[in-house]
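Welcome! Please take a look at it before reading on.

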Amino acid sequence: MGQHATLQKPRRWAGPGFETFGSIFGFVYTFLAGNVMLALANAPLVLCLALVADPVASWPFFLALSVTVPPSLGGLFAAFQALNDDGGAVKPFASFLRGYVRGFRRTAPLGLAAIALLLFLGVDLVAVQSLPAAAVLIPIIAVAAAATVSVAVLVIAGVVLLPDARLKSLAKASLYLCVQRWYLSVAMLVLLGIIASAALLQPVLGVALAPAPLLFVVWSNAAFAFHAVLRGD
């Protein structure tokens, strides 16, 4: 037919691009910054964990000190949201502070309510251990405590994801998600348990290394659950 085939030069493999390295740096930088900001925001809790030999024996005291955790989670989740939006250009320290300040009015009262309920459940758990119905009451109290933690964390994520939503609406949605996506709630509790164990065993190293990467998984699962509900999945 007289047509000539066109020869193409073989493509050169360019290797990982700048955007890939920027994305990896953004994750690492956000995790490191997040751990630093968490430690600073919860300095009294971290300091007392490092000084007290047996924190478990003084659990009501340390649970009360944990009231600073919910607002700091709001700040960290805001940094993760910024990481999703900005990638390698993320500024985690500024994002954390903005999220902390913006959400404090809602996350602080939420934290007070959750800690108060957990203290009540903890006292009940100690009180019912000697009762004949302990075998029935202890699992019920444990499930209520797990649900309290799960719903509180989901509400904090909702405050970041849906800043215009009412706290009451977020609480209802979080309770629904906690039950409907129970497997995500179980995963969340396992990750939070790992963080708590690391903080109890090695307060300084545990807070410096463990929380942010694990909490990123918690955040990702919470964001997935909220987005699935909004899409009607």
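Is Val190 buried, partly exposed or exposed? With a relative accessible area of 47%, Val190 is partly exposed, where buried means under 20% relative accessible area, exposed over 50%, and partly exposed in between (1.4 Å probe, protein chains only).

## About the model

This is a predicted model, in which local features need pLDDT of at least 70 and side-chain atom pairs count only at pLDDT 80 or more, while totals for chains, interfaces and linings use all residues. Residues are numbered from 1 along each chain as its sequence is written, and side-chain values use heavy atoms, with hydrogens and water left out.

## The overall picture

The protein chain has ten helices and zero strands; helices (H or I, at least four residues) and strands (E, at least two) are DSSP runs, numbered from the N terminus. Along the sequence, the pattern reads α-α-α-α-α-α-α-α-α-α.

Of the 233 residues in the protein chain, 39% are buried. The chain exposes about 13,700 Å², and carbon and sulfur atoms supply 71% of that area. Accessible areas come from the Shrake-Rupley method with a 1.4 Å probe, and for residues only the protein chains shown count as cover. Among contacts (heavy atoms within 4.5 Å) with a separation of 6 or more, 74% are between residues 24 or more positions apart.

## A nonpolar patch on the surface

Let us return to Val190, which lies in helix H8 (residues 182-201). Together with Trp182, Tyr183, Val186 and Ile194, Val190 forms a nonpolar patch on the surface, with about 510 Å² of accessible area in total. Patches are made of residues with over 30% relative accessible area and no salt bridge, joining like charges within 9 Å and nonpolar side chains (Val, Leu, Ile, Met, Phe, Trp, Tyr) within 5 Å. A salt bridge is a side-chain nitrogen of Lys or Arg within 4 Å of a carboxyl oxygen of Asp or Glu.

Helix H2 (residues 43-51) has Leu45, Val46 and Leu49 as its buried residues. They sit on the same side of H2, because they cover an arc of only 95° around the axis, taken from the directions from the helix axis to the C-beta atoms. On the face turned away from this buried side are the exposed residues Leu47 and Leu51.

## Aromatic rings

Rings of Phe, Tyr and Trp (its six-membered ring) pair if their centres lie within 6.5 Å; planes under 30 degrees apart count as stacked, over 60 as edge-to-face and the rest as tilted. By this rule there are twelve aromatic pairs. One of them is edge-to-face: the ring centres of Phe27 and Phe31 are 6.0 Å apart, and their planes are at 65°.

Both residues lie in helix H1 (residues 18-41), four residues apart, or about one turn of the helix. Phe27 is partly exposed at 30% relative accessibility, whereas Phe31 is buried at 18%. Ring pairs also link Phe27 and Phe31 with Phe77, Phe80, Phe216 and Trp219 into a cluster.

Leaving out residues up to four places away in sequence, Thr30 touches Ala79, Phe80, Leu83, Val90 and Pro92.

Ser95 belongs to helix H5 (residues 92-128) and is buried at 5%. Val153, in helix H6 (residues 134-161), is buried at 7%. Beyond four places in sequence, Val153 is in contact with Leu73, Phe77, Met188, Leu192 and Val218.
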